[in-house]
Number of protein chains: 2
Amino acid sequence: MKAIQTVLHPSLPPGVAALLRTVPGLAIHDPTDDDGVAAALGAGGEVLVTHTWRADFLTPSLRWIAGTGAGFEQYPLEQLGERGVILTTAWGVHAGTVAEHAFALLLALTRGVGKAARAMTRNSWEHYLGEEVAGRKMAIVGLGRIGEAVALRAQNWEMSIAGIKRHPESYVGCVQDIRGTDRLRETCAWADILILTAPARADGSPLIGREELALLGAGWIVNVARGSVIDEAALIDALTNGALRGAGLDVTAKEPLPADSPLWSLPNVVITPHVGGGSPGYAPRWGAIFARNLAAFRDGGEWRNRLEMAG
Amino acid sequence: MKAIQTVLHPSLPPGVAALLRTVPGLAIHDPTDDDGVAAALGAGGEVLVTHTWRADFLTPSLRWIAGTGAGFEQYPLEQLGERGVILTTAWGVHAGTVAEHAFALLLALTRGVGKAARAMTRNSWEHYLGEEVAGRKMAIVGLGRIGEAVALRAQNWEMSIAGIKRHPESYVGCVQDIRGTDRLRETCAWADILILTAPARADGSPLIGREELALLGAGWIVNVARGSVIDEAALIDALTNGALRGAGLDVTAKEPLPADSPLWSLPNVVITPHVGGGSPGYAPRWGAIFARNLAAFRDGGEWRNRLEMAG
């Protein structure tokens with residue numbers, strides 16, 4: 001059996017490259033930068049393992065993009081469809097991890113852990129009054145795998161939970177109060193806590209802007225989705241001049257967050273560097289999906305997490 | 001009806017003093033230091049609202065200590081019993097809050113929030129690989145109201161949960177795997193995550209010492225109980241030279257934690273300044289207990305959270 005020419009993007013989640021090297025039947029190419037990736041794909045690469053994209057990755061030999069991220073807004077779906085290139089994602093692989101991360105950010109705000117950790121750099125014991133999530137209203141904006149994992153973990157925390165979903169009629173899960181996207185503003189007014197787990201809009205426009213933040217009022221917001229989901233200038237304004245109690249951000253409009261961003265020094269903000277989905281458990285779970293899809297690629301059969309594209 | 005001479009210790013939880021001023025039939029005395037408390041009790045104070053104790057608070061007129069903390073290790077129980085002084089505690093009032101705090105500390109360790117918050121003081125986006133609690137074994141040492149609240153919140157987090165209880169035969173709650181205190185070491189060896197919610201021992205000796213930490217190995221430990229529950233020198237050693245992955249501490253052997261403690265600068269430690277039970281919800285919940293007990297004090301009837309003491 002001919003080896004499958006497999007190109008690994010240099011920035012893969014920890015453990016993924018090591019795992020792929022153990023898979024029989026793959027000829028692994030591991031360039032060190034984007035130019036190298038394009039060159040390897042130009043020289044006959046069939047499978048690309050990546051979570052980023054550049055236009056020149058689309059070569060005549062490319063047949064399958066094995067994505068290591070949950071999203072797909074970075075890929076030229078129409079072109080891929082026209083060329084018959086298969087795209088699979090890591091949808092669901094890190095849902096539980098990101099849900100844990102969302103809680104870590106939320107509780108760092110409500111229990112003052114972000115503030116106390118910064119006081120540690122001054123060896124300083126500074127008493128404060130924390131807050132409770134019990135009795136609060138949590139709105140989960142985006143009930144995909146990640147949003148559902150948040151809702152599941154929130155079940156015994158004495159909160160009221162509502163979820164926003166694009167197609168509420170197709171929802172199956174643990175949230176009783178499901179609302180369509182047309183009820184986003186009403187839900188911002190209702191909620192004390194907003195957890196953002198929705199995909200970025202294709203045009204990059206924010207779901208949560210000035211008006212939604214004003215409706216949320218004295219609440220907390222946690223973003224484990226994409227930076228573009230919030231209007232960042234409006235967020236900074238709500239944190240500085242508005243009623244917003246705090247923001248937990250794993251993602252920002254520009255990443256890495258520029259050193260001169262005012263977000264770094266706001267006391268009611270906790271920032272993590274887009275690590276919400278990272279864990280040692282990621283590679284083996286991703287690998288299980290890859291193994292099934294490799295069988296489909298080689299011998300036919302059912303794909304997992306394959307995007308349907310117009311061809 | 002004669003007003004009840006009520007002395008408020010100056011360091012009460014937020015909102016408690018304000019609430020007491022609204023209760024009819026109390027003559028409130030609010031000295032500004034311990035000497036003033038002793039003087040007010042010496043001058044006929046009948047009720048003391050406090051969470052700390054000094055030997056000279058025990059005067060002939062004292063009849064009821066309305067404690068604002070869950071613990072009671074600070075009070076001279078035998079003497080109080082001999083004199084017929086009633087002691088009530090705030091047992092259960094902040095159980096949910098402390099449970100949220102325990103999760104905040106745990107997730108700050110596993111998801112790297114403590115580290116990232118400190119990197120914020122340098123405006124620095126520093127990528128790292130977080131960990132998951134899913135798939136881990138959590139041992140809750142002490143299944144009182146707080147331990148139970150932790151267990152309840154952990155139900156949908158895909159962890160195996162075990163609880164240690166002094167009297168496992170009397171346990172009613174959501175934990176299936178209940179173990180007696182004789183199985184503490186075995187449980188340290190079993191666990192990945194140790195949540196300490198047990199009361200301090202009367203003699204101040206630690207429950208968790210060098211051997212227990214060695215058995216826990218590459219795990220995480222969270223202490224929302226009392227500083228004396230852990231041997232702090234052994235903890236620092238396990239964090240520095242041992243396998244221990246991290247410690248989340250709301251309490252320390254000496255509080256405030258001295259500025260020269262090595263705990264401040266260990267990257268795998270998150271410290272909060274004994275605020276685990278604090279929240280705006282505390283005062284109204286404590287007030288509901290106080291109101292019932294005030295009726296019992298005045299007119300007879302059933303007490304809540306009253307300690308049984310040998311008389």
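Which residue forms a salt bridge with B:Glu132? In this predicted model, the partner is A:Arg285, and the closest N and O atoms of the pair are 2.8 Å apart.

Chain B contains an open sheet of five strands, arranged in the order S2-S1-S3-S4-S5 with parallel pairing. At the edges of this sheet lie strand S2, residues 26-29, and strand S5, residues 86-88, each of which pairs on one side only. From one strand to the next, the twist averages 20°. Strands of a sheet pair through backbone hydrogen bonds, in either a parallel or an antiparallel manner. For a closer look at one pairing, strand S1 (residues 4-8) of chain B can be followed alongside strand S3 (residues 47-50) of chain B: the two run parallel and are joined by three bridges. Here B:Thr6 stands opposite B:Val47 in S3 of chain B.

Helices accompany this sheet. Helix H2 of chain B, made of residues 34-42, lies across S1, S2 and S3 of that chain and runs at about 170° to S1. Helix H10 of chain B, residues 282-299, lies across S1, S2, S3, S4 (64-67) and S5 of chain B, and its direction is at about 170° to S4.

Attention now returns to the two chains together. The size of an interface is often given as the accessible area lost when the parts come together. For chain B and chain A, about 5000 Å² is buried between them, with 66% of it on carbon and sulfur atoms. Three residues, B:Glu100, B:Met120 and B:Trp125, supply 18% of the area that chain B buries against chain A, more than any other three residues. The contact draws 57 residues from chain B and 57 residues from chain A.

Across this interface there are four salt bridges, and 26 residue pairs are in polar contact. On the side of chain B that touches chain A, two or more residues come from each of helix H4 (95-110), helix H5 (113-120), helix H6 (145-153) and strand S12 (269-271) of chain B. Helix H4 of chain B gives the largest share, eight residues.

Note on methods
Residues numbered from 1 in each chain as written. Chains lettered and ligands numbered in written order. Predicted model: local features only at pLDDT ≥ 70, side-chain atom pairs only at ≥ 80, totals over all residues. Heavy atoms only, no water. Pairing = 2+ DSSP bridges. Helix = DSSP H or I, 4+ residues; strand = E, 2+ residues; numbered from the N terminus. Axes fitted to C-alpha atoms, helices over the stretch in contact; angles between N-to-C directions. Contact = heavy atoms within 4.5 Å. Buried area = accessible area lost by both parts, 1.4 Å probe. Salt bridge = Lys/Arg side-chain N within 4 Å of Asp/Glu carboxyl O. Polar contact = N/O pair within 3.5 Å; in protein donor to acceptor, adjacent residues only side chain to side chain.
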